[in-house]
Amino acid sequence: EECTVRAEAGVDLDIIMSMTPIKGMTWVYDDLFTKTGREDLFISLASWDDNPYLSEKQKLQMGANLSDEAIQVRRFGKFVQRVGLVCSWWDREKNEMIYTDTPHDWSYYEVLDGGFSDPAAWLFVGVDKDDNIHVIDGFREKALSDAEIISRRNAKKGNHRIISGWIDYNDTRLGENLSKLGMNLTQVEKKAGDSTHWDETLAEKLAEYGKMERGTGKPRLFINKNLDWLIQEIENLTWLEIRHSVGGETQIVPKWDDHRRFGHHFDGIRALAYLLVMYKKDDSSNLPR
């Protein structure tokens, strides 16, 4: 509206817009992209291949950590609807491991998605020298007191020194109480602009580590085969479309289906995604490179 009402009398006006559809099927798709019958509207699709200054090496680097959906959006400029499984990359044969020991030269982290009526989910994670993420142990349980969370956490982490830990961004009270008991956790930070598309941000980070890399054919995320509850969450989490109002415009926003299909919230996979988003932001971390 702001553009189209600015035509001066007697002066032809061309409105030019360029965009990459990273937010899915927004008003641009409904009001512009699908209106192929309008004579006053011209739409041109462009991809990385249309940029004569990008080398093949650069294209490979740009796409190395992108999911297949993200490639369609970012390389080819296609509108992609989030449907089906969130973790469609998951492969039991490639992403599951059995841990008989925990090497001393790894770096160790923890993350907690708090809850009481809903389960509290805690994960103990190791990062090896090649920057691979290993979910070694954890628990998911309802109605735990703060002291019980500490007790279960201490029993599972053993003598390993935890470099950093994080807690759900909504749980200020729990974080403060646990800190008084000696479990210091930093609240997860949302990136600017992620409030509406936070689940997509988390899904892309999971895919970045979980999918098979094109060069090696291996993932960078591994989960203890004995963590049945976490694996069930990964294999059952699906996309759900929610109508969301932004600036007076109604958009269809993809969200994680937290309980309709699976029966409860996906606390463990959220905790894992929080860790993947946060652990390299900690300047005090002595991460292996």
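Modeller: We can begin with two helices, as α5 passes α6 in a right-handed crossing, a term used where the near helix is turned clockwise from the far one by less than a right angle. Helices here are DSSP runs of H or I with at least four residues, strands are runs of E with at least two, and both are numbered from the N terminus. This is a predicted model, in which local features need pLDDT of at least 70 and side-chain atom pairs count only at pLDDT 80 or more, while totals for chains, interfaces and linings use all residues. Residues are numbered from 1 along each chain as its sequence is written, and side-chain values use heavy atoms, with hydrogens and water left out.

Colleague: At what angle do helix α5 and helix α6 pack?

Modeller: Axes are lines fitted to C-alpha atoms, for helices over the stretch in contact, and angles run from 0 to 180 degrees between N-to-C directions. For α5 (residues 146-157) and α6 (residues 172-180), the axes are 10 Å apart and the packing angle is about 65°.

Colleague: Which residues in α6 do Asp 146, Ile 149 and Ile 150 in α5 meet?

Modeller: Contact means heavy atoms within 4.5 Å. By that rule, the three residues named from α5 meet Arg 173, Leu 174, Asn 177 and Leu 178.

Colleague: Is Phe 124 buried or exposed?

Modeller: Buried means under 20% relative accessible area, exposed over 50% and partly exposed in between, with a 1.4 Å probe and protein chains only. Because its relative accessibility is 1%, Phe 124 counts as buried.

Colleague: Which residues form one aromatic cluster?

Modeller: Tyr 108 is buried at 3% relative accessibility, and Trp 106 is buried at 16%. Both belong to one aromatic cluster, formed by Trp 106, Tyr 108, Trp 122, Phe 124 and Phe 139.

Colleague: What are the edge strands of the open sheet of 7 strands?

Modeller: Two strands pair if DSSP finds at least two bridges between them. The sheet has mixed pairing and the order β1-β7-β4-β3-β2-β5-β6. The strands that pair on one side only are β1 (96-97) and β6 (186-187).

Methods: Phe/Tyr/Trp six-rings, centres within 6.5 Å; stacked < 30°, edge-to-face > 60°.
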